[in-house]
Amino acid sequence: MAELPPAHGPASRAAALATACISHRHGSPGHGWVLRDVRRAHREDIDGIGHKYHLEFVLEDIFEKDSTVNCTAEVLYHLGNKKNAPDVQFTIEGELKNTDEADNAFYNRIKSLKKELEAENIPDRYGHVSPEMQPIRALAWAASGYVIWQNSTENTKYQLAQIKHVKQVKRTDEYLEFDYMILLHESVSQEIIPWQMTVLWHPQHGVEVTKNSCQPKHTLH
């Protein structure tokens, strides 16, 4: 097993992927996670299977930069098979902040709207996100973690750049549904990629991406 410099490209890409998976599994309108620092990284070459990265890293809350959590993860990229999402196993040390109060407040606010929510350009061109749109962005952050996980390879590093458009979909059950058009930034190629995703959320059941698809670049215009 080879030790890698923590800031080394492959180590940081694998840690960013693990962060996306954690954000998807544990994110909500009340919080999300961004990679702060990679502490240690090793790469294991498994004959005929792929490359496995063993990682120790630190995450910070997208709302509270002083709120951090230590994590370990194993990320396995399968050889030559881009149809298989990487295998990601992670462990979070300690307790995550409880966001039930914020999540329930957001849920009740959206449920009480007379007209379905609709918004665009989050953040705006100045990098600003209004307080009422922060939970919408955090929900997109969690949902995009699933898209990133499913579409990552050893040579990619995706992150949510912007919500171009979001519209709430009317439902008759207890779930909230949103149709997002997001922009993903791929930092290796420096591409900005439009992506559509349909997202279900309920405070008791977490985030589910029911549909997602890469969109042609002309949808940006």
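Visitor: Which residues touch the most other members of the largest nonpolar core?

Guide: Of its 59 residues, Val75, Ile136, Val166, Phe178, Tyr180 and Met197 do. Helix H3 gives the most to this core, with nine residues. Such a core is a set of buried Ala, Val, Leu, Ile, Met, Phe, Trp, Tyr and Cys residues joined through side-chain atoms within 4.5 Å. Buried means under 20% relative accessible area, with a 1.4 Å probe and protein chains only. In soluble globular proteins, nonpolar side chains tend to be buried together.

This is a predicted model: local features need pLDDT of at least 70, side-chain atom pairs count only at pLDDT 80 or more, and totals for chains, interfaces and linings use all residues. Residues are numbered from 1 along each chain as its sequence is written, and side-chain values use heavy atoms, leaving out hydrogens and water.

Visitor: Which residues of H2 are buried?

Guide: Helices are DSSP runs of H or I, at least four residues, and strands are runs of E, at least two, numbered from the N terminus. In H2, Asp103, Phe106, Tyr107 and Ile110 are buried. They cover an arc of only 100° around the axis, judged by directions from the axis to the C-beta atoms, which puts them on the same side of H2.

Visitor: How many aromatic pairs are there?

Guide: Rings of Phe, Tyr and Trp (its six-membered ring) pair if their centres lie within 6.5 Å; planes over 60 degrees apart count as edge-to-face. The whole structure has six pairs. One is Tyr107 with Trp201, edge-to-face, at 6.2 Å centre to centre and 65° between the planes. Tyr107 lies in helix H2 and Trp201 in strand E9, so the pair ties together parts 94 residues apart in sequence.

Note on methods: Buried < 20%, exposed > 50% of the residue type's maximum accessible area, 1.4 Å probe, protein only. Phe/Tyr/Trp six-rings, centres within 6.5 Å; stacked < 30°, edge-to-face > 60°.
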